[in-house]
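User: I'd like to go through the labels on this one and hear what backs each of them up. Can you take me through it?

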Amino acid sequence: MGDKNCQLCNNAPHKYKCPTCGIRYCSVACFKVHKETPCAKTSEETSRKTEVTPTVQDEEDDCRVLDHQFQALVGSASIKQAVKSSDLQTILQSIDGAADREKALENALTDPRFADFVDDVLTTIGERPTL
């Protein structure tokens, strides 16, 4: 991969990727700056969608948070409150820094507080699995 810094401010490592054009950004502030100008799908994105065989990247794209879902998270008082918790921040950082993030996520879900946070996120973005 190339540079790991935000493509907008270039001051911090990127954490997010625009689902439309793929630009990488670090914060809500940079996201808002990016959205001031409409973006378009990259030619790589367009050509990838025409592939017949799914790739690992396509599977990762399915896991991306869409713009309306991101906005729902940004506007959620319960999510804002939850991410202020130093315990939750520690859990999220350990998942993000893990060599095997999927395994780290599985382990973190054994913590009831983290499991409640995940349920809240999924409910907020409308992806709560039906039982």
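Analyst: Here are the labels, each set against its cut-off. This is a predicted model, where local features need pLDDT of at least 70 and side-chain atom pairs count only at pLDDT 80 or more, while totals for chains, interfaces and linings use all residues. Residues are numbered from 1 along each chain as its sequence is written, and side-chain values use heavy atoms, with hydrogens and water left out.

User: What makes Cys18 count as buried?

Analyst: Buried means under 20% relative accessible area, exposed means over 50%, and partly exposed is in between (1.4 Å probe, protein chains only). Cys18 has 0%, so buried it is. Cys21, with 16%, is buried too.

User: How do you know that the buried residues of H1 are on the same side?

Analyst: Helix H1 covers residues 28-35, and its buried residues include Cys30, Phe31 and His34. They cover an arc of only 105 degrees around the axis, so they end up on the same side of H1. That arc is taken from the directions from the helix axis to the C-beta atoms. Ala29 and Lys32 are exposed on the other side of H1. As for the names, helices (H or I, at least four residues) and strands (E, at least two) are DSSP runs, numbered from the N terminus.

User: What covers the buried residues of H1?

Analyst: Strand E2 (24-25) and helix H4 (67-74) are among the elements that do, with contact meaning heavy atoms within 4.5 Å.

User: How many salt bridges does the search find, and what makes Asp87, Asp111 and Arg113 a network?

Analyst: It finds 3 in the whole structure. Arg113 also meets Asp111, at 3.0 Å from N to O, and Asp111 is buried at 17%. Salt bridges with shared partners join Asp87, Asp111 and Arg113 into one network. Asp96 and Arg101 form a salt bridge as well, at 3.3 Å, with Arg101 partly exposed at 48%.

User: Why is the aromatic pair of Phe114 and Phe117 called tilted?

Analyst: Rings of Phe, Tyr and Trp (its six-membered ring) pair if their centres lie within 6.5 Å; planes under 30 degrees apart are stacked, over 60 edge-to-face, and the rest tilted. Phe114 and Phe117 are 6.3 Å centre to centre, with 35 degrees between the planes, hence a tilted pair. Both lie in helix H8, 3 residues apart, about one turn of the helix. Phe114 is buried at 3%, as is Phe117 at 12%.

User: Which residues do ring pairs link into a cluster?

Analyst: Tyr16, Tyr25, Phe31 and Phe70. The search of the whole structure finds 5 aromatic pairs.

Note on methods:
A salt bridge is a side-chain nitrogen of Lys or Arg within 4 Å of a carboxyl oxygen of Asp or Glu.
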